[in-house]
Each structure stands twice: as structure tokens, then as C-alpha cells.
Amino acid sequence: MVERYVMSIDQGTMSTRCILFDHQGRLVSVGQREHEQYFARPGWAEHDPTEIWSHLRRVVVPRALEGAGIRPEQIAAIGIANQRETTVVWDRRTGVPVGRAITWQDTRTSGYVEELRRTTGDDFFLERCGLSPTTYFSAPRLRWLFDHVDGLRERAERGEVLFGTMESWLIWNLTGGPDGGLHLTDATNASRTMLMNIRSLAWDDELLAYFDVPRAMLPEIRSSAECYGMARALLPDVPICAALGDQQAALFGQTCFAPGEAKCTYGTGSFLLVNTGTELVRSRHGLLTTVGYKVGGEPPVYALEGPIAVTGSLVQWFRDRLGLIHSAPEIETLARGVEDNGGCYIVPAFSGLFAPHWRSDARGVIVGLTSYITRGHLARAVLEATGWQTREVVDAINADSPRPLRGLKVDGGMTSNNLLMQFLADVLDMPVVRPMVSETVSLGAAYAAGLASGYWPDLEGLRRNWHRAAQWMPTMDPARREAEYENWRRAVERSLGWAAS
């Protein structure tokens, strides 16, 4: 019998990956290619969607197939995970984007967002989409494009241009592009636009009217795990059976299927999600209410999320901008050379703070500098910033949720740093657990596609594939933990109010 596999396409902020998984959830082969980052002006962050599609078609998928030594017909299903909120608008007839994709990191809409909060307030939006206005989401970016690209809104009204996040762009191209490509999204990605009603999982008429977004340009909202249609380009006749925003895919890949189970993915930024079940919990402490996943015709599973803008990218800054290390792994060795941070704290509010503060006027600060501080202390402060930011989010979750967190599953590139993982366990005062398969975003997209296509039978079967690779338990003295946390909070206060709104 010919072995079959599930393919996961993970379209991320820095690169696009294609990974093949077998029935045991084991990684079989990988194809990957980085894409260009465009920073044309302060606060702008863009990608070229055409470059990303070209890389997927010409390099990423072929490498994964070649690495496994298989043919496309051995793929049972395709699942897609993607960087969320990143906004793409393209011509329906030609498939040419109207400009670069505006990424989730972009803050050009900060003035507009502040105006929304002053004039309309948070409750109007929270009641409908579960989100407060921030630069993070897609709708303000669409409005910016309408205001700055001549005739775009009129073209959208006529259905000549299409909007989507990155999974919509890839699915449309995979299924034929201008020649009948499917224009769809899933509920997790739609829940990040500020345009979907969080209860009905349909585009909300009041929100569309508020942002002046024509319905004709919007994709159809589908479940996260169902077979949408067949690929035509690149992988002919292979079914596309899942799409999830990358952090919801990681929640699924970590098998956090029960209310109260949580994961945090540590990458460029970090994203902590906790499953709240079919109960929609509105945060009062700076978290986002979002769709966790929706399997076929079953009710949606919701989540509370705390996004942290800068974690892994702080290590990159330490390496590339300051030149204090030559490679990212060096930071652990450097940080281990000192006993503590020497009283130094770094708040990496490079373009504001995300959860739980949501302050676009914040900017990065280093506090507690004395002549005693060495680059080792700075290295330790860089790592500890990730720990303290996670602690702030966990405190908010415990304040919002009826089920306080009792442990945290972690994944992403930063989890290879054992010093950081121990620090997390210490400041959270709970077990921190890393799974055998670290590529949980890709695995979650594969799991959802495999579930929809019958490759895996049920959620319990997926749970049996999950295995622990490492665990860290708290050892820090409670008095020290709280004293250092208070220092961190004082440092955060000093980061606020630096940038004019």
C-alpha cells in the first residue's frame, strides 16, 4: 500500500514553509524560503504577495516533495496556516495585487485608530467583533487603502478587486486564480478583521458600514476544518481541507481541545491563547476574544488571546542592530555568564505595546543602567523581557477566565533556549512544557486538514500523537519573583507616552 501524507503550508511573517506529516504526526520533510521584508517608512511593514506565491510554487512545495521522495497524488489533504491580519487586495481578473501586503506589524493606521477610540469607543466594536480598535487588525488597513489608492473603493464596490488575508490569497491562487479560484477564508482569520460578527461568524452589516467596506470584495467565511475544493495549480486534484490563523493552528497542534488549556508560541512576537470552549468570554483586562477553531458543522470553539509584539525580534535586534552577539543561540551562553540582570530591564515597545496594555504611544526603554552593567546583563534582560511580558498576559487571563491556568504548553524557535524556559516557569509559577514536535503551527494546520479528510479519525486520536519533550518547574523564591515583577511594571510605566498619538 502506498503511504500517504498530509501537507501543511505555513505562510509566516519571515518565511513560507511546507511540511509533510505522517499518520503519527511525525515530520517527514520540509521546504522553506524566506521572503523580503519592506519597511518603506517608519511604522510601515510590508510583504510582496506575488513573491510569496512564487516561492511557494517554485521552491517551497517542490523541496518538500523532493525531500520525502513522493508524488503529489500521495498527499491526502492540504492545510494552510498563515500570518494573521496581514491585508492583501488584488485584481480579480489579473491576479495582480494593488500593492504590497500590509502586515500585522504595520502601525500606519495609528492616528485613525486613536480617532476611532475617541469618537466611537471600544464597546461598539467589542459587542460585535470582540475586538477593540488597534493597528493590529485588517479593517483599519482596508480603510487606509481606500483613502490612499485612487478609485480602489469604487473598484471594490464593482467586485473588481478582492480582499483577503494570506490564506485567502494562497487558496485563490492554488485553486485557479483568475480562472475560477476560490475566494474564501476561515472563521479564525475572519475573526481578526474587525468585520466579522463574533457570534454569528458572518460579515457584520454594521461593521461593514462603519468601515465603508463593500461586501463584494470579501471572501466567503468557512469552517477551519472542511474540504473547500481541489488544488489546480501546483498540486492538481489534491483537496484543500483546512485554513487557520497561525496562532489558532498552534492551539490545535498543541491539542488544547479542552477549556482552560493554553499554549504560547514564541517567535518574532509571542502569542498566548487559552481555550474557553463554546463560551464567548469578553475580556476586561486587555485580551482579545477570538475564534479558536471551528471543525466542520460543529459549534465554534472560542479563545482568549494575549499577543506580545516583540520577543524573538528583540533577540534579532540585539544581534543585528547592536552587534553584541553573532547568532541567536549565543544569547543564552552570554546570559548564563551572569547571575541576574544586574537591576537592568528592557521594555521592547519598538512600535507600542500589545496585550494587555494596547498603547501605541509606548516606545522601548532600558532602565536601571549603571556602570556595573555588562553585555551579559543586557542579554539576560533581553530574555527576561519575554518572561515578564508573558506574566502580564497570564495575569490578565487569570483575571478574565473562570479557569486559572495551571500549566503552559510552549512552542516556537525561542523554546530551544533552556534558560528562558526556566525563567518562564519561575515567573509564571507553573509548569512549562515543550512537545516533541516543535512545529506546532504547521502541525495544527495538518491536523485540521487530516481530520476533515478522514486521515485522522477524531480529536482524541490527535491527542495520542502529542508527546512531551521537556518540562520546566518553578524554583524561584516567591518574594524575589514579586519584587522583580514590580520592577518590571515600573519599567513599563516609563515606556508609556513617548510617541505622539
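What follows is my list of look-ups, starting with the ground rules.

**Ground rules.** I'm working with a predicted model, where local features need pLDDT of at least 70, side-chain atom pairs count only at pLDDT 80 or more, and totals for chains, interfaces and linings use all residues. Residues are numbered from 1 along each chain as its sequence is written, and side-chain values use heavy atoms, with hydrogens and water left out.

**The sheet.** I looked up the strand order and got S3-S2-S1-S5-S12-S11, six strands in an open sheet with mixed pairing. Strands are DSSP runs of E with at least two residues, helices are runs of H or I with at least four, and both are numbered from the N terminus. Two strands pair if DSSP finds at least two bridges between them.

Which strands sit at the edges? I found S3 (27-34) and S11, each pairing on one side only. Then I checked S5 (residues 75-82) against S12: they pair in the parallel sense over five bridges. Ile 78 stands opposite Ile 240 in S12.

**Helices on the sheet.** Helix H1 (residues 49-68) lies across S1, S2 (15-21), S3 and S5, and runs at about 155° to S3. Helix H6 (residues 166-174) packs on the sheet too, touching S1, S5, S11 and S12, with its direction at about 145° to that of S5. For these angles, axes are lines fitted to C-alpha atoms (for helices, over the stretch in contact), and angles run from 0 to 180 degrees between N-to-C directions.

**Asp 10.** I found Asp 10 in strand S1 (residues 5-11). Is Asp 10 buried or exposed? Asp 10 counts as buried because its relative accessibility is 6%; buried means under 20% relative accessible area, exposed over 50%, partly exposed in between (1.4 Å probe, protein chains only). Leaving out residues up to four places away in sequence, Asp 10 touches Ser 15, Thr 16, Arg 17, Ala 81, Val 441 and Ser 442. Contact here means heavy atoms within 4.5 Å.

**Cysteines.** How many disulfides does the structure hold? I got one, counting a pair of cysteine sulfur atoms within 2.5 Å. Cys 227 and Cys 241 form the disulfide, with sulfur atoms 2.2 Å apart. Cys 227 lies in S11 (residues 225-230) and Cys 241 in S12 (residues 239-245), so the pair ties together parts 14 residues apart in sequence. Cys 227 is partly exposed at 39%, while Cys 241 is buried at 0%.
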